[in-house]
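Please open the structure in a viewer and keep the sequence at hand.

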Amino acid sequence: MKRFLVFAILIPLALFFWWNTASQPPVKDSTPRPFVIARGLSAGQVAEKLEKEGFIRSSLAFRFYVQVTGNAGKIQAGDYRLSKNLSL
């Protein structure tokens with residue numbers, strides 16, 4: 001029973017700290033930079049590209065966020081200018 005209580009407390013706490021870190025901006029640089037979303041990319045592919053180019057800390061957090069908010073299918077192809085200091 002004690003082991004269950006420990007896990008019941010530690011897992012949500014660990015998830016909270018992970019989300020708090022993963023959803024924060026990767027850097028403080030506010031200079032807009034080009035970012036291109038090619039036609040046909042999925043939300044997961046966009047997430048990977050955003051993480052690879054340093055716009056977000058975690059592609060997993062981005063994918064989770066767009067799924068929960070219902071925006072996964074609303075990501076549009078195009079040329080964007082994004083700052084690296086934006087949080088999710």
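The stops below cover a chain end, a pair of helices, a loop residue and a pocket.

The model is predicted: local features need pLDDT of at least 70, side-chain atom pairs count only at pLDDT 80 or more, and totals for chains, interfaces and linings use all residues. Residues are numbered from 1 along each chain as its sequence is written, and side-chain values use heavy atoms, with hydrogens and water left out.

**Stop 1: the start of the chain**

Select Met-1, which sits in the segment before α1. Helices (H or I, at least four residues) and strands (E, at least two) are DSSP runs, numbered from the N terminus. Met-1 is exposed, with a relative accessible area of 76%; buried means under 20%, exposed over 50% and partly exposed in between, for a 1.4 Å probe and protein chains only.

**Stop 2: two packed helices**

Select α1 (residues 2-22) together with α3; they pack at an angle of about 95 degrees, with axes 9 Å apart. Axes are lines fitted to C-alpha atoms, for helices over the stretch in contact, and angles run from 0 to 180 degrees between N-to-C directions. The angle makes α1 roughly perpendicular to α3, a term for 65 to 115 degrees. Show the side chains of Trp-18, Trp-19 and Ala-22 on α1, and of Leu-60, Ala-61, Phe-64 and Tyr-65 on α3, which make the contact (heavy atoms within 4.5 Å). These residues divide into 7 nonpolar, no polar and no charged. Ala, Val, Leu, Ile, Met, Phe, Trp, Tyr, Cys and Pro count as nonpolar, Asp, Glu, Lys and Arg as charged, and the others, Gly among them, as polar.

**Stop 3: a loop residue**

Move to Pro-32, in the loop between α1 and β1. Pro-32 is partly exposed, at 39% relative accessible area. Leaving aside neighbours within four places in sequence, Pro-32 is in contact with Arg-81, Leu-82 and Ser-83.

**Stop 4: the largest pocket**

Finally, display the largest pocket, with about 390 Å³ of space. Of its 19 lining residues, select Val-46, Leu-50, Ile-56, Phe-62 and Leu-82, the closest to its centre. A pocket is an open set of points on a 1 Å grid over the protein atoms alone, where a 1.4 Å probe fits, with protein on both sides within 12 Å along at least five of seven lines; lining residues have an atom within 4 Å of a point. Grid points are joined across faces, edges and corners, and the volume is the space filled by probe spheres set on the points. β1 (33-37), α2 (43-52), α3 (59-68) and β2 (78-82) each supply at least two lining residues, and α3 gives the most, with 3. By class, the lining has 14 nonpolar, 4 polar and 1 charged residues.

Methods: Angles under 35 degrees count as roughly parallel, over 145 as roughly antiparallel, 65 to 115 as roughly perpendicular and the rest as oblique.
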